[in-house]
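Student: I am new to this structure. Can you show me how to read its features?

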Amino acid sequence: MMTVLWTDIAVFFLVFFGLVVAWRSSKKEHLRRPWEKVFNSKTGVASLTILLIFILIGTLDSARIQHYKTLDTQELSTQAKTLSLLDIILTPIRTRVEKTYSEPFAHMAYAKEMGVDEAGQQKWRYPRLSFAGAHLSEPNSEKSGDILLKVLLGFSFGMLAWLALVLILSLLAGKFILSKGSSGIRVCLLTLLGVFFIVGCIAMLGPYYHILGTDKVGEDVLYQAIKSIRTGLVIGSLTTIVMLPIAIGLGLMAGFFRGWVDDVIQYVYTTLSSIPAVLLIAAAILMAQVYMANNPELFTTVEDRADMRLFLLCMILGITSWTGLCRLLRAETLKIREMDYVVAAQALGVKKAQLLKRHVLPNVMHLVMITVVLDFSGLVLAEAVLSYINIGVDPSTYSWGNMINTSRLEMAREPIVWWSLTAAFIFMFTLVLAANLFADVVRDAFDPHSNS
Amino acid sequence: MINYIIRRLLYVFPVLIGVNILTFVLFFVVNTPDDMARMQLGDKHVSQAAVENWKQQRGYDLPLLWNEQAQGVEQATNTIFFKKSVGLFVFDLGLSDNGRDIAADISQRMWPSLAIAIPSLIFGVLANITFALLLIFYRGNYLEFGGLFLCIVSMSISGLFYIIAGQYLIGKLLVLTPISGYAPGADAFKFIILPVLIGVVGGLGSGVRWYRSLFLEEAAKDYVRTAKAKGLSDLQVLFKHVLKNALIPILTGIVVILPLLFMGSLISESFFGIPGLGSYTIDAISSQDFAIVRSMVFLGSFLYIIGLLLTDISYTLVDPRVSLD
């Protein structure tokens, strides 16, 4: 049975919306030109490829099915549970839960335990992990060779899969695309080669080791980091979708109608933007918490609650962040409405709504496009900070912010538990760097001033 | 000029009233004081008497907007709205939910915040301008390309990373400064170094890019070409013309955030254990002290509006082309 959460609907809507925008852009000359510029830029294509991989993972993580666990001895307590397609793909990593912390690629536990040694005596010692490295009989001597072998295998499988992809695409295109294809396709394929290598290594190593270690309850950190991708993407994209209609609608109206409409809208955004954003978010999240605490019957499962909080967080972030774009659009509309073609259209008796839709809106779309891409990375970073102050996503949601937040205490342990923190930072860095590089290319392509 | 300032000051009031009404609605109407009391007192199994007691101690037992039982003017004044929200206008911040005087707390905690915020701002701006000028000077060079790439990389790193890495590297491994804490007076110096350093380094990426774009805009203007045509060296053009003229947007950009320096930085203060207003706010949020959050919202908006006003005034002072009348 499918179960659908609020943010899942939003994710699918966003993917659909993105496809529609892409399809419509390809039909229109004035929109196709800047995109062609993006696709001709090496940085643009490479970062877009990485972003699409992230989006693919996020979408897979949003398709959920109800999963009935076969009740074995260990998991009597867990009953039906929703699993996403991503969970199912990651089953080997997801289900191999250790007792507690373990270092990346470790075969011994982090904490000493009482056990019986070869001589049959009770002793404090580091026990072997129940899953990681369990296939090795002499881990100390065999492990590095085994890891190397698996990495090489992963590389070769990745290479093979990539070659197959190149071959299929070449057959479809009727030419060898690595040498004859456009530079965009080549860069895309080279980026994919890197991704395939990494995926190959994870596929080979994941079932035998904890590549990024395990956390306090023994869950694989790599799994957590991958699961967090969806949260980051939802916050970065859903927020902009919430904010866009408000910002576009009010910005165009303020600039176009002027007079009292302008005054009211300006008043509203000055008031909203004068409240420090963090405090407004904190206030709204506190209120939402109170509401959820008082209406427990509306949120039956932990998952429901966490999802609702994520959804609300996006709403709140959207409501607090529309003012910047609105101000920009108002100023631009003020300029555009005095342009000859708008005046001419007005003189010809074009209705106001038509005028806005046909003549003003298309000419401010580049600003919207640039803002959406630029805001994305900022929001992903903001999630981590908000979760740190406990006004971000629910503590039970997988997110990089939560990983960082919990690892603050782990930093004080001896020996220090650095892997959760590092994993969260690396994943976040990859996504945000890709988004930032892409944003730069998009801005250069869409900004009319940069054409010179 | 005076007229303009008076007009702008009058405009401050509607905005503050708006902020006030918004926070009032958020804190008292969407969720009633009863909800807050239950949340504070623990779980759903709190007796009504305990809730009433909690409300009465904090003055939340009055009607929201209109007191039917009171006489005369008291009907409007003896209400939550009047007592809790209108009082903010005269900076009567009242007591926090655990009974401390908010105004006294703020005036005491303001100084550590400023001790971090002011040096961070000054050194940050200086570092940003220096690096931005370097990038402009080496324009078209591989140094510029590398510098810009570094900027994007540093922008993509979470601010939390700078703090945690800095604390670990400088505080724990090299033991150059204390990891966190604060001491009043001159002793504060050693506690301030690390947060300021991290604040400056963390802001470099976006800061340098922003200042570079300001300088580039200025460098594309005709007078720069003229200056070059006259035979001035690149360095002279950069410092005497580009930097000087770009200072106008730089200064006004700084003026707008000056008042907000009082608010301190939420994240770095709580990481470094500095008893400023930022950590005050965070503590209030995590202990769900609504009275403090409300006061900070009001204070923050007030300072922001003052910042906007100061910006407009500073435009007329530094740029003779702008007049406000």
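Tutor: Start with helix length. The expected span of a helix is 1.5 Å times one less than its number of residues. Helices (H or I, at least four residues) and strands (E, at least two) are DSSP runs, numbered from the N terminus. A word on the source: this is a predicted model, where local features need pLDDT of at least 70, side-chain atom pairs count only at pLDDT 80 or more, and totals for chains, interfaces and linings use all residues. Residues are numbered from 1 along each chain as its sequence is written, and chains are lettered from A and ligands numbered from 1 in the order in which they are written.

Student: How many residues has helix α12 of chain A, and what does it reach from its first C-alpha to its last?

Tutor: Helix α12 of chain A, residues 302–336, has 35 residues. It reaches 50 Å, close to the 51 Å expected.

Student: Where is the kink in α12(A) centred?

Tutor: The bend at a residue is the angle between axes fitted to the seven residues ending there and the seven starting there. In α12(A), a kink of about 35° is centred on A:Ser321.

Student: Which residues are buried in α15 of chain A?

Tutor: Count other C-beta atoms, placed from the backbone, within 10 Å of a residue's own: 20 or more is buried, 12 or fewer exposed, and in between partly exposed. In α15(A), residues 400–410, the buried ones include A:Trp400, A:Met403 and A:Ile404. Their cover includes α9, α14 and α16 of chain A, together with α8 of chain B.

Student: What is A:Ala424 in contact with, leaving aside its neighbours within four places in sequence?

Tutor: Contact means that two C-beta atoms, placed from the backbone, lie within 7 Å. A:Ala424 is in contact with A:Ala225, A:Trp400, A:Met403 and A:Ile404, its neighbours within four places in sequence left aside.

Student: How many residues does each chain give to the contact between A and B?

Tutor: Chain A gives 36 residues and chain B gives 37 residues. On the side of chain A, α11(A) gives the most, with 11 residues.

Student: Is A:Arg258 buried or partly exposed?

Tutor: A:Arg258 is partly exposed, because 14 other C-beta atoms lie within 10 Å. It is found in the loop between α9 (221–257) and α10 of chain A.
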